[in-house]
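Hi there,

Here is the structure I promised to pass on.

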Amino acid sequence: MNFKDSNYMIIENAFSTAFSDVIETMTGLMVKDLDINEENEISNDTDISGAMLLKGRCSGFSTISMKKRSASVLVAYMTGIPHYKLNDEEIFDGVAELINLLSGRAKTILKGSEFHFELSPPFTIVGENHYILYKGKSDVFRKIYYIGNILVELNIYFAS
Amino acid sequence: MKLLSVDDSLIVRKIIKGASDILEFELLEAEDGNEGLEVLEKNYEDISLILLDWNMPGMDGYSFLKIIKADDKFKDIPVMMVTTESEQENIVKAIKAGAKHYMIKPFSMEELIKRVLECLGRGGEDEF
């Protein structure tokens with residue numbers, strides 16, 4: 001932890017709450033969060049990431065990353081369309097929508113606080129075992145979530 | 001009965017399509033306000049409800065809402081905003097511009113169906 005522990009906790013709580021709210025509402029699946037350790041870290045084993053830029057008191061970058069198969073399952077639960085019937089465009093759009101919703105929810109939670117921010121449009125990054133590098137002086141909040149047996153990694157990079 | 005979904009998210013339109021299928025309504029779709037106007041022009045006599053996103057490329061939802069509420073052909077079609085915009089001032093702005101209902105994303109399928117039926121004056125869950 002850095003960026004004054006209390007500030008970090010405020011942002012962590014906002015994005016953690018947002019993540020759970022969005023996933024549970026849109027998919028009906030329960031979310032369990034874990035601290036990242038060597039056994040569950042998936043940063044180097046993801047095929048798809050949704051991302052948005054955060055602009056404000058805490059400028060930064062929010063991402064959710066997962067395997068493409070995991071993304072197809074989440075989008076299937078969101079839409080009611082079986083995962084094997086989803087095409088790439090639908091999966092990619094679904095991931096973008098998830099980061100859009102959770103970042104928007106976090107924004108609402110932090111509204112009125114000193115950490116209020118605005119959002120860029122969402123975008124999706126696709127590539128086997130891709131890695132996202134956010135340059136610039138920033139702290140990072142990282143969390144792994146279990147959604148059923150799906151692993152999703154949430155990263156919030158913010159410049160303090 | 002036809003609904004019109006104006007939203008730049010393919011997945012949100014798919015979710016709304018799922019609700020429409022359950023309700024046995026036909027869903028027309030548009031990716032932004034400009035396309036929404038084109039669809040509306042061709043189908044306005046048959047559209048019972050517009051589900052409208054706010055933040056879209058090209059013409060956004062608020063601009064679309066203002067245009068249709070100023071047009072005698074379209075002004076009586078009820079509009080439900082379906083958006084991540086949750087700030088009170090935006091909700092008031094949309095209602096003053098003529099939106100009949102306002103639903104904030106994220107939402108469950110059940111809530112969506114309930115709100116669509118409410119907009120159509122057909123009650124809630126008891127209807128299906």
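Predicted model: local features only at pLDDT ≥ 70, side-chain atom pairs only at ≥ 80, totals over all residues.

Let's begin with strand 7 of chain A, which covers residues 150-159. Most of this strand is covered, with 8 of its 10 residues buried. Strand 7 of chain A pairs with strand 3 (residues 59-66) of chain A through 7 bridges, and the two run antiparallel. If you want a place to look, A:Ser59 has A:Ala159 in strand 7 of chain A as its bridge partner.

Strand 7 of chain A is also joined to strand 6 (residues 139-147) of chain A, again antiparallel, by 9 bridges. Here A:Asp139 stands opposite A:Phe158. Strands 6 and 7 of chain A form a hairpin with 2 residues between the strands, and in this hairpin A:Gly148 takes a positive phi near 65 degrees.

Now for the charged pairs. How many salt bridges does a search of the whole structure find? Over all chains, the search gives 20.

One of them links A:Asp21 with A:Arg105, where the closest N and O atoms are 3.0 Å apart. A:Asp21 sits in helix 1 (residues 5-27) of chain A and A:Arg105 in helix 3 (residues 88-110) of chain A, so this pair ties together parts 84 residues apart in sequence. A:Asp21 is partly exposed, at 25% relative accessible area, and A:Arg105 is partly exposed too, at 28%.

Another salt bridge connects A:Lys107 and A:Glu118, with 3.1 Å between the closest N and O atoms. A:Lys107 belongs to helix 3 of chain A and A:Glu118 to strand 4 (residues 117-119) of chain A, so the parts tied together are 11 residues apart in sequence. A:Glu118, at 39%, is partly exposed.

In chain B, B:Lys73 forms a salt bridge with B:Asp71, and their closest N and O atoms are 3.7 Å apart. B:Lys73 is partly exposed at 33% relative accessibility, as is B:Asp71 with a relative accessible area of 23%. Finally, there is a network that includes residues from chains A and B: salt bridges with shared partners join A:Glu97, B:Asp7, B:Asp53 and B:Lys105.

Best wishes

Key:
Residues numbered from 1 in each chain as written. Chains lettered and ligands numbered in written order. Heavy atoms only, no water. Buried < 20%, exposed > 50% of the residue type's maximum accessible area, 1.4 Å probe, protein only. Helix = DSSP H or I, 4+ residues; strand = E, 2+ residues; numbered from the N terminus. Pairing = 2+ DSSP bridges. Salt bridge = Lys/Arg side-chain N within 4 Å of Asp/Glu carboxyl O.
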